[in-house]
Amino acid sequence: MAKAFEDSKTSKTVYLTMKRHSYTTKKIKAAEEASEKASGDAVMSTDDKDKEYPTLVRLTSGTKTKLSTLVQPQDLDRFMVQYTNIIKINMDNLKKKERKKAAKAKAKKATA
């Protein structure tokens, strides 16, 4: 991940996405619901609010570099600390916003 941010100094853009990862897919859920309806047994569903899910982290840099990893809930805090350290180190890569002089002149006229 650090290498991707270092490579972005030249011309690449780095995209990082994080989302909750659940192991079941829509097809599996549909099959389970169909089997429950066919058998006629009503099974109590577990409370999903209390369940902890792993986090899927995907990083893309340019068109060829792609990384993905699954971070377990107990390791998420440690991952976020390491990620923020990488971001802090590479903050010098950001460009300052270019402002036009005309916008400043309009602001001065509006206040005067």
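Student: What should I know about the model and its numbering?

Tutor: This is a predicted model, in which local features need pLDDT of at least 70 and side-chain atom pairs count only at pLDDT 80 or more, while totals for chains, interfaces and linings use all residues. Residues are numbered from 1 along each chain as its sequence is written, and side-chain values use heavy atoms, with hydrogens and water left out.

Student: How many bridges join strand E1 to E2?

Tutor: Two strands pair if DSSP finds at least two bridges between them. Here E1 (residues 14-20) and E2 run antiparallel and are joined by 7 bridges; one of the residues to look at is Lys19, whose bridge partner in E2 is Leu56. E2 also pairs with E3 (residues 65-71), again antiparallel, over 7 bridges. There, Arg58 has Ser68 as its bridge partner in E3.

Student: Which residue takes a positive phi in the hairpin of E2 and E3?

Tutor: Gly62 does, with phi near 70 degrees, and the hairpin has 3 residues between the strands.

Student: Is strand E2 mostly covered, or what share of its residues is buried?

Tutor: Buried means under 20% relative accessible area, exposed over 50%, and partly exposed in between (1.4 Å probe, protein chains only). In E2 (residues 55-61), 5 of the 7 residues are buried, and the strand is mostly covered. Over the protein, buried residues make up 13% of the 112 residues.

Student: How do I read an aromatic pair?

Tutor: A pair of aromatic rings is described by the distance of the centres and the angle of the planes. Rings of Phe, Tyr and Trp (its six-membered ring) pair if their centres lie within 6.5 Å; planes under 30 degrees apart count as stacked, over 60 as edge-to-face and the rest as tilted. The structure holds 1 aromatic pair: Phe79 and Tyr83 are stacked, 6.4 Å centre to centre with 5 degrees between the planes. Both lie in helix H3 (residues 76-89), 4 residues apart, about one turn of the helix, and both are buried.

Student: Where does the charged end of Arg20 sit?

Tutor: A charge sits over a ring if NZ of Lys or CZ of Arg is within 6 Å of the ring centre and within 35 degrees of the ring normal. The charged end of Arg20 sits over the Tyr53 ring, 4.1 Å from its centre.

Key. Helix = DSSP H or I, 4+ residues; strand = E, 2+ residues; numbered from the N terminus.
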